[in-house]
Amino acid sequence: VQLQASGGGLVQAGGSLRLSCAASGRAFSTFTMAWFRQGPGKEREFVAAIRSSGGNTRYADAVKGRFTISRDNGKRTVYLQMNSLKSEDTAVYYCACAADRTLITGAMSGDRHYDYWGQGTQVTVSS
């Protein structure tokens, strides 16, 4: 599986961006997809995840109510709509995937449970 993230950029605080992550391979519809981020001088942290069917999502507390994860299995793409961006959202954003059947719900926020990673896309929020 190869993942290609895109959509990052420079935006003012309060603005919006939509990230996309396109996946290769026919198994996309069986994967849990997630977004993680790593800010300058920080460890990588969980942002959001979505189950293969799209019916179960998880969010980090820091982004709840502002970010929305979604997916289009026909296009093999997962999205992260980011609204009301803050300077602390500045980070490199990574998409990742793991087979649904191997990932229990309680582990959706753990980066060590994901098998494939994209290259990252930079999001910079200016205050």
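Predicted model: local features only at pLDDT ≥ 70, side-chain atom pairs only at ≥ 80, totals over all residues.

Student: Which side chain of opposite charge is nearest to Arg71, and how far away is it?
Tutor: Arg71 is placed in strand S7, which covers residues 67–72, and the residue is buried. A salt bridge requires a side-chain nitrogen of Lys or Arg within 4 Å of a carboxyl oxygen of Asp or Glu, and Arg71 has none. The nearest side chain of opposite charge is that of Asp100, at 6.0 Å.

Student: With which side chain does the side chain of Arg71 make a polar contact?
Tutor: Among the residues that Arg71 touches, leaving aside those up to four places away in sequence, are Phe28, Met33, Ile50 and Tyr79. A polar atom of the Arg71 side chain lies 3.5 Å from the backbone oxygen of Ile50, which is a backbone atom. The side-chain partner, at 2.7 Å, is Asn73.

Student: Why is one side of S1 and of S7 left without a neighbour in the sheet?
Tutor: Four strands make up an open, antiparallel sheet in the order S1-S3-S8-S7. Strand S1 (3–6) and S7 stand at its edges, so each of them has a single partner strand. From one strand to the next, the twist averages 15 degrees.

Student: Which residue in S3 stands opposite Gln4?
Tutor: S1 and strand S3 (residues 17–23) run antiparallel and are joined by four bridges. In S3, the residue opposite Gln4 is Ala22.

Methods
Residues numbered from 1 in each chain as written. Heavy atoms only, no water. Helix = DSSP H or I, 4+ residues; strand = E, 2+ residues; numbered from the N terminus. Buried < 20%, exposed > 50% of the residue type's maximum accessible area, 1.4 Å probe, protein only. Lys, Arg positive; Asp, Glu negative; His and termini not counted. Polar contact = N/O pair within 3.5 Å; in protein donor to acceptor, adjacent residues only side chain to side chain. Contact = heavy atoms within 4.5 Å. Pairing = 2+ DSSP bridges. Axes fitted to C-alpha atoms, helices over the stretch in contact; angles between N-to-C directions.
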